[in-house]
Amino acid sequence: MASSQLTASSISTRSVASFEGLRPSSVQFHSARHVRIGNPARRSFKALIVKAATVVAPKYTAIKPLGDRVLVKIKEAEEKTQSGILLPSSAQTKPQGGEVVAVGEGKTLGKNQVEISVKPGAQVVYSKYAGTEVDFNGEKHLILKDDDIVGILETDDIKDLKPLNDRVLIKIEKAEEKTSGGLYLTEATKEKPSFGTVVAVGPGLVDEEGNRKPLTVASGNTVLYSKYAGNDFKGKDGFEYVTLRSSDVMAVLS
């Protein structure tokens, strides 16, 4: 029977609570198509793929991103709720933000050189599944493309996000509390709205001539957007927000 090897460099802890102590060649899968965990007769998973943060050896003292890539130090997950209740690791929200540590030289578009849109030291928010995790100097980092950075966060509240490129920040309309017949809806039966008010927009993408192409929506517009697009956030004001690309906005309502 074929045997495939899983190494620490190919495992990600994004959806796994803990891989502490895992070392290369410590896990073996005895089937390329099935992974068996614990009692083989009880648990079998098809095509299970796990990845881990790449560990950079201590002898290396710096990481220099290339091209349009950015190195971000990941913000630690919140361990408590706002009321001070400790959260178990399974309930902690995966961070989608951090501090820019280093940036590449940018990319070439047509005959123009496009610089990275963020600078070292900036606090940024990035797409949920973007980049490659790197464990460097005992801290978790992420190497991702400049285009995967959603915006710059100048405060600790998502409503103050400054979107980059073609991103749009939208304040989601609250879900209906009642049906048309007057029946109250539970949280589980409320339909998530797919429209809201534009709070802020990015400057647009750069074309091959080196010019920014402004977005077709503006702050204050009420818009309809693709239902499963973007990344959701909870604001300190109790409202929900979503960041998405302008191409995911389908219409302006009036």
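Thr132 lies in strand 11, residues 132-136. Strands here are DSSP runs of E spanning at least two residues, and helices are runs of H or I of at least four, numbered from the N terminus. The model is predicted: local features need pLDDT of at least 70, side-chain atom pairs count only at pLDDT 80 or more, and totals for chains, interfaces and linings use all residues. Residues are numbered from 1 along each chain as its sequence is written, and side-chain values use heavy atoms, with hydrogens and water left out.

Thr132 is partly exposed, at a relative accessible area of 45%. Buried means under 20% relative accessible area, exposed over 50%, and partly exposed in between (1.4 Å probe, protein chains only). Beyond its neighbours within four places in sequence, Thr132 contacts His141, Leu142 and Ile143. Contact requires heavy atoms within 4.5 Å. The C-alpha atoms of Thr132 and Leu144 are 6.5 Å apart, with a sequence separation of 12 residues.

Leu144 also belongs to the largest nonpolar core, which has 16 residues. Such a core is a set of buried Ala, Val, Leu, Ile, Met, Phe, Trp, Tyr and Cys residues joined through side-chain atoms within 4.5 Å. Val70, Val72, Val100, Val118, Val124, Leu144 and Ile149 have the most contacts inside this core. Strands 6, 7, 10, 12 and 13 each give two or more residues to it. Strand 6 gives the most, with 3 residues. Leaving aside neighbours within four places in sequence, the contacts of Val72 include Val100, Val124, Tyr126 and Leu144. Apart from this core lies another, of 12 residues, among them Val168, Tyr225, Val242 and Leu244.

The structure holds 6 salt bridges. A salt bridge is a side-chain nitrogen of Lys or Arg within 4 Å of a carboxyl oxygen of Asp or Glu. Arg245 pairs with Asp147, the closest N and O atoms being 2.7 Å apart. This pair links distant parts of the chain: Arg245 is in strand 21, and Asp147 is in the loop between strand 12 and strand 13, 98 residues apart. Arg245 is partly exposed at 25%, and Asp147 is partly exposed at 28%. Asp147, Asp166, Arg167 and Arg245 form a network of salt bridges.

Asp156 forms a salt bridge with Lys236, the closest N and O atoms being 2.7 Å apart. Asp156 lies in the loop between strands 13 and 14 and Lys236 in the loop between strands 20 and 21, so the pair ties together parts 80 residues apart in sequence. Asp156 is exposed, at 57% relative accessibility.
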